[in-house]
Amino acid sequence: MAAFYRIYEENPNPREISKVVNILKSGGLIIYPTDTVYGLGCDITNFKALERIARIKGIKLEKANFSFVCQDLSNLSDYVKQIDSVTFKILKRALPGPYTFILPGARTLPNPFKKKKTVGIRIPNNAIALEIVKQLGNPIVSTSIRDEDEVLEYTTDPELILEKWGSLVDCVIDGGYGGNEASTIIDLSENDPIIVREGKGSLEIF
């Protein structure tokens with residue numbers, strides 16, 4: 001059964017965050033809160049962990065459209081091709097926030113993603129998620145956890161998440177009730193922004 005840690009977003013306990021980071025570094029999978037729905041994540045540098053997530057989602061790793069959850073925009077060039085000033089201004093205006101931006105992938109992408117022309121970048125406005133990535137020292141690869149129930153698409157109660165996912169992952173973080181509206185996805189890989197999915201993030205920033 002997965003470890004279950006209660007962490008408060010207002011003031012994330014560094015010791016608890018450290019336990020989560022150690023799980024990630026050892027190839028573990030975590031379920032953690034964001035500013036939208038709860039996410040399933042692993043260390044971007046751990047191939048076996050990436051394969052585990054792909055297996056859980058029932059897809060091949062090379063074809064998976066996972067998001068890269070970053071602490072800020074400072075290391076963007078490790079994962080994304082050089083972007084123009086207009087695109088950068090959009091990112092600065094919207095992040096941290098409930099958006100996933102699709103951007104052209106860099107040649108320096110980790111091996112499993114080498115053939116990807118685009119990647120999804122996420123900087124959630126959630127202190128727990130950002131502190132995990134900060135302590136880890138690199139992004140986590142992430143995907144949202146979906147519910148089979150068509151009425152309730154995303155499970156929001158951490159204890160129910162533990163009940164359902166506890167045997168599949170190594171750690172579930174209780175950061176309080178999550179949202180049930182996913183991030184807004186915007187494709188910035190071409191000239192003009194394209195709304196791929198309208199979610200929690202307002203479109204008025206464009």
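Predicted model: local features only at pLDDT ≥ 70, side-chain atom pairs only at ≥ 80, totals over all residues.
**Notebook: rings, sheet, cysteines**

I started with the rings: Phe68, Tyr79 and Phe113 make up one aromatic cluster. Going through the whole structure, I get 3 aromatic pairs. The pair I opened up was Phe68 with Tyr79: ring centres 5.7 Å apart, planes at 80°, so I put it down as edge-to-face, since anything over 60 counts that way.

Phe68 belongs to strand S4 (residues 67-69), while Tyr79 is in the loop between S4 and helix H3 (85-94). The two are 11 residues apart in sequence, so the contact ties those parts together. Buried or exposed, for Phe68 and Tyr79? Both came out buried.

Then I turned to Tyr99 and Phe101. Their ring centres are 5.8 Å apart with the planes at 20°, and because under 30 degrees is the mark for stacking, I logged this pair as stacked. I checked accessibility here too: Tyr99 has a relative accessible area of 5%, so it is buried. Phe101 is at 0%, so I count it as buried as well.

**Sheet**

Tyr99 and Phe101 fall within strand S5 (residues 99-104), so I followed that strand next. S5 runs antiparallel to strand S6 (residues 118-122), and I found 5 bridges joining them. Across from Thr100 I found Arg122, in S6.

I then traced the sheet as a whole. It is an open one of 10 strands, and I read the order as S1-S8-S2-S3-S7-S4-S6-S5-S9-S10. The pairing is mixed. Which strands stand at the edges? They are S1 and strand S10 (194-197); each has a single partner strand, so one side of each has no neighbour in the sheet. For the twist I noted an average of 30° from one strand to the next.

I also looked at what packs on the sheet. Helix H1 (residues 14-25) does, and I listed its contacts as S1, S2, strand S3 (39-43), strand S7 (140-144) and S8. The direction of H1 makes about 150° with that of S1.

**Strand S8**

S8 (residues 171-174) got an entry to itself. Cys171 and Ile173 point one way from the strand, Val172 and Asp174 the other way. I found all of them buried, Asp174 included. On one side, S8 runs parallel to strand S1 (residues 3-6), with 4 bridges joining the two. Strand S2 (residues 30-32) is parallel to S8 too, and there I count 2 bridges.

Which residue of S8 is the bridge partner of Ala3? I found Cys171. I looked up Ile30 as well, and its partner in S8 is again Cys171.

**Cysteines**

Cys42 has a relative accessible area of 0%, so I mark it buried. Cys171 is also at 0%, so it goes down as buried too.

Definitions and conventions
Residues numbered from 1 in each chain as written. Heavy atoms only, no water. Phe/Tyr/Trp six-rings, centres within 6.5 Å; stacked < 30°, edge-to-face > 60°. Buried < 20%, exposed > 50% of the residue type's maximum accessible area, 1.4 Å probe, protein only. Pairing = 2+ DSSP bridges. Axes fitted to C-alpha atoms, helices over the stretch in contact; angles between N-to-C directions. Contact = heavy atoms within 4.5 Å.
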